[in-house]
Amino acid sequence: MYKTVLFDVDGVFLSEERCFDASALSVWELLHAPHFLALPQAEHDVQPEESAIRLIRDRVFDRNRVLDWMKTRGLNSNWDMVYLAFAGQLLLLLKHLYPTHPTEVKAFVSQPITEEALAGIQQWAGKDKNGFAPEFTRFPDLFAGQEQLDKMALLTYFNTLASDWFDVEVKQFSRNSALWECCYSVYQEWYLGDELYRKSEGVDVRMPGKVGFLQQEIPIVAPERMGEMLKLLKEKGITVGIGTGRTFEETAVPLKQLGLFGLFDKSHIATASDVIAAEEAYPEKAPLGKPEPYTYIKALLGASSSIEACLDCALPLAEGAEILIVGDSVADFLAARKMGCAFAATLTGLTGKAARAKFEQLRADYILDDVTELMKVFT
């Protein structure tokens, strides 16, 4: 039987809804805020009503169709989702402007796409910019004929598309780009809120007033039931860890509020903070987020393990049959299989029960209606 169980967090313990809301609002801000593209179809509001959030998310992610498209291709990071969703609309805007501003468009895609460069479009494009309206439903079409692309290739594909459209070599679209960093910081503002963002990132917010979604997380099922399941595993002597795409603070705060954080083995919690540290130390290895297995390897080897030890870990693991990974996404499944580990899929992610067919096709070892059903595996 299993000696170690490693859990994802989003879609397993916590609903992904608030993260997706923050992602949609981030794309909306990048498109419509005066300090970014300032497209005229909508105003930027730092405290939108719940009804407005629903409408924005439905538009940006085409009633979750775009989110589902990303998730089924192994994209598990909200930062990556914001980057790709916005970059797609940015390219469509540049394509709209290219016939009348070819020199400016070529210059734009030939330099790092910074926050200042985005705002600068307002100056060189003038009123021509206002003739473009975002076309969110077109996002999957941008990848037509590219079904074979893995996560890393998806994150850099817009270089190819921009090079073809604008007849100039483009290298500005990647996980290690100024544009990605800009999208990351906008998401962090929305998710953390003003006060925590200033504390976490060490810089001020662009426009004050964001409350933050971190304090509004929604548990998948009753915290008491999830706690009972974790206690059962620990009573059986099983190491219980976390491998999540959230940063450490974003993991600890809501799980502490739910009374669950203390039930995990603290030395076996790996988060996006660990991934970021590894990518900074070895940028040539990036991206290391899921579906790459680095997060789960770090959780398995423990907090004291070095970055080098995690990167050099031989896969598949000799002891893989003793490790169970629990997640809601294809990215989690792919990471587990690279490690040679068993996988339990929870049907509490974006597509809910509809994900069963996908995980049956992938031959997940277990398919659970929710994470508390894991108790059946160990009793």
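Modeller: Happy to! Let's start with Phe158, which is buried, with a relative accessible area of 0%. Here buried means under 20% relative accessible area, exposed means over 50%, and partly exposed is in between, using a 1.4 Å probe and protein chains only. Phe173 also counts as buried, at 0% relative accessibility.

Before we go on, please keep in mind that this is a predicted model, in which local features need pLDDT of at least 70 and side-chain atom pairs count only at pLDDT 80 or more, while totals for chains, interfaces and linings use all residues. Residues are numbered from 1 along each chain as its sequence is written, and side-chain values use heavy atoms, leaving out hydrogens and water.

Now to the rings. A pair of aromatic rings is described by how far apart the centres are and by the angle of the planes. Rings of Phe, Tyr and Trp (its six-membered ring) pair if their centres lie within 6.5 Å; planes under 30 degrees apart are stacked, over 60 edge-to-face, and the rest tilted. By that rule the structure has 23 aromatic pairs. One of them joins Trp69 and Phe139: the centres are 5.4 Å apart and the planes stand at 85°, so this pair is edge-to-face. Because Trp69 sits in helix H3 (residues 65–71) and Phe139 in the loop between helix H6 (115–125) and helix H7 (151–166), the pair ties together parts that are 70 residues apart in sequence. Helices (H or I, at least four residues) and strands (E, at least two) are DSSP runs, numbered from the N terminus. Trp69 and Phe139 are both buried.

Phe158 and Phe173 also form an edge-to-face aromatic pair, with 6.2 Å from centre to centre and 80° between the planes. Phe158 belongs to H7 and Phe173 to the loop between H7 and helix H8 (178–192), so this pair ties together parts that are 15 residues apart in sequence.

Lys95 lies over the face of Trp165, 4.3 Å from the ring centre. Arg175 likewise lies over the face of Trp180, at 3.6 Å from the ring centre.

Among the residues of H6, Leu118, Ala119, Gly120, Ile121 and Ala125 are buried. The cover over these buried residues includes helix H4 (78–97), helix H5 (102–109) and H8. Contact means heavy atoms within 4.5 Å. After H6 comes Gly126, with a positive phi near 60°.

Elsewhere there is an open sheet of six strands, with the order E3-E2-E1-E4-E5-E6 and parallel pairing. Strands pair when DSSP finds at least two bridges between them. Its edge strands are E3 (269–270) and E6 (366–368), each pairing on one side only. In a regular strand, side chains alternate between the two faces of the sheet. In E1 (residues 4–7), Thr4 and Leu6 point one way and Val5 and Phe7 the other, and all are buried. E1 runs parallel to E2 (residues 239–243), joined to it by four bridges, and Val5 stands opposite Val240. Four bridges also pair E1 with E4 (residues 323–327) in the parallel sense, where Phe7 has Val326 as its bridge partner.

Helix H15 (residues 330–339) lies across E4 and E5 (342–346), at about 170° to E5. For such angles, axes are lines fitted to C-alpha atoms, for helices over the stretch in contact, and values run from 0 to 180 degrees between N-to-C directions. H15 is mostly covered, with seven of its 10 residues buried. Those buried residues pack against H3, H13, E4, E5 and helix H16 (356–362).

Technical notes. Lys NZ or Arg CZ within 6 Å of the ring centre and 35° of its normal.
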